Amino acid sequence: MASYSDPETSDETLARAAQQGEVRALETLLDRHQSKVLRILGFLGVPAQDCEDVAQEVFVRVFRHLKGFRTGQSFGAWIYRVTVNAAHDYRTRKGRRAAGETGWQDGLESAPDERPGPAESARERELREALGQALETLTERERSVFVLRELEGLETAEVARSLGISAITVRRHLFRARRRLRTILADLEKRNPLSVERIVPDGSSHG
Amino acid sequence: MKIGQFFKTSDSSAGRDTLRRAVRATRRTSSDAVLSATARDRILNAARSQAADQPAELFPSLFTAPRRLLVAGALPLILAVGLLVLLNQPAPVAPEPGSTTLQVSKEDGQVFIRIANGSRNHVVYRSTDPDRFDRSTGVKVTDGSFTDAIDDQASLVFYRID
C-alpha cells in the first residue's frame, strides 16, 4: 500500500487515491502545492490579503474536479493552469488593468526570514519592486508565461502544458515579455538608478 | 564604436542585466508561505463534503467510458435490427386487398352497416330483389359506415356495396 506521506509518492498516485476518497492523499497534495500556489498568485498580481482566499478557490476547484483527472495527465501542470485561471478570474472580478496597480510587491513583504545582509536586501527589494511594476505592464498571457518560465523555473514544454498552448507560443510570449521588461527596467534605471554595473567603452566597470 | 550605438548597446545590456538580477532576487527571496490552519480546514472540509454528497453507486453507471463505447458501438446495430423488425411486420388494421369485412346490426328501427375493406368510400344500393339493383338509388358512403331505416313493408332486404 502506498504511503501518502512519502515524498517519493507521485502526485498522480496521490490524485488517484484522492479520487477514491483517500483524505490523507488530499492532505499531502495540499501540503505539497500550497506554497507554490500562493507564490504564483502573488506573482500574478493577487494582493497578499487576498492570496489565501484565491488559493482556497484553487484547491476547492482542483479537488472538485479530481474525478476528471485522467491517468497520464500531469497533476502539476493541471494545478498551474487552475492557479493561473483563478488569478485571471480574480483580476477580472476586481477590474484591474495592467498599469499602475501593484499588489504583487505586497505579497513579497511576507518573505521568509532568511536574510542576506542589509545592503543586499535593499537592492534586492528595489529590484523586486521594479520587476513587480514592470510585470503589471504585460498582457495576462505574457505575464503567466514569464512567471511560470522565469520565476518558477518550469521548462518551456511544461509551461505549454500548463497553459494549454504550444511551445512556440510560449517562446513568442516569453520573447515579448523579456523585451518589454528589459526596456522598462532600463527606463526605470535611468530615472532612478539601481546599483547595477555599467560597462563603459574602455572595458572597465563602475558600480 | 559610434556613440549612439554605444548607448543603445549599453541600455539594452543594462536592461538585460537588470532583468536578470531582478529575476534572481525574486526567485531567491520569494515566499514559501503556507495556508493558515483555517484555510486548510476549509479546503479539506469542502473536499470531504463533496465526496459525501456523491454516494457510492449501487449500480454501475451506464456512462462509464467503456460502457459509453459499447453503447455507441451497439446503437447502429440496435437501430438496424429494429428497422428490420418494423419492416417485416404486417401493416396493422387494414384487411388484405380484395377481402371485405362487414359488421351489420339492427337497432331502434335502423340498420347499421360498417364496411372494412381498406377503403372508406363506397356506394350502397338497396333492393328487395338480389338480382336487380337500381343504380339511381345508390347512396355514397365516405366514412365506411351506412345507416338505413328498416322497411316495414319488406321481410327481406338486400344491399349491394360497391
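How many helices and strands are there in chain B?

1. Chain B holds 3 helices and 6 strands, where helices (H or I, at least four residues) and strands (E, at least two) are DSSP runs numbered from the N terminus. From the N terminus on, the elements of this chain follow the order α-α-α-β-β-β-β-β-β.

2. A word on conventions comes before the details. This is a predicted model, in which local features need pLDDT of at least 70 and side-chain atom pairs count only at pLDDT 80 or more, while totals for chains, interfaces and linings use all residues. Residues are numbered from 1 along each chain as its sequence is written, chains are lettered from A and ligands numbered from 1 in the order in which they are written, and side-chain values use heavy atoms, with hydrogens and water left out.

3. Of the 162 residues in chain B, 20% count as buried, a term that stands for under 20% relative accessible area, with exposed meaning over 50% and partly exposed in between (1.4 Å probe, protein chains only). The accessible surface of chain B is about 12200 Å², and carbon and sulfur atoms supply 58% of that area; such areas come from the Shrake-Rupley method with a 1.4 Å probe, and for residues only the protein chains shown count as cover. Among contacts in chain B with a separation of 6 or more, 48% link residues 24 or more positions apart, contact meaning heavy atoms within 4.5 Å.

4. Chain B has an open sheet of 3 strands in the order S4-S3-S6, with antiparallel pairing, and two strands are taken to pair if DSSP finds at least two bridges between them. Its edge strands are S4 (139-141) and S6 (158-161) of chain B, each of which pairs on one side only. S3(B) and S4(B) run antiparallel and are joined by 3 bridges, and B:Val124 stands opposite B:Val139 in S4(B).

5. Within strand S3 (residues 122-127) of chain B lies B:Val123, which counts as partly exposed because its relative accessibility is 24%. Beyond its neighbours within four places in sequence, B:Val123 contacts B:Gly138, B:Val139, B:Lys140, B:Arg160, B:Ile161 and B:Asp162. With B:Asp162 the separation is 39 residues in sequence but 5.2 Å in space, C-alpha to C-alpha.

6. In chain A, helix H3 has 17 residues and reaches 25 Å from its first C-alpha to its last, close to the 24 Å expected at 1.5 Å a residue, the expected span being 1.5 Å times one less than the number of residues. The buried residues of H3(A) include A:Cys51, A:Val54, A:Val58 and A:Val62. An α-helix has 3.6 residues a turn, so residues three or four places apart point the same way.

7. A:Arg61 sits in helix H3 (residues 48-64) of chain A and is partly exposed, with a relative accessible area of 24%. Its side chain makes a polar contact of 3.0 Å with the side chain of A:Asp89; the term denotes a pair of N or O atoms within 3.5 Å, where within protein one must be able to donate a hydrogen and the other to accept it, and residues adjacent in sequence count only if both atoms are side-chain atoms. Leaving aside neighbours within four places in sequence, A:Arg61 is also in contact with A:Val82, A:Asn85 and A:Ala86.

8. Is A:His33 buried or exposed? A:His33, found in helix H2 (residues 23-43) of chain A, is buried because its relative accessible area is 3%. Its side chain is joined to that of A:Asp11 by a polar contact of 3.0 Å, and, not counting residues up to four places away in sequence, A:His33 touches A:Asp11, A:Phe59, A:Phe75 and A:Ile79.
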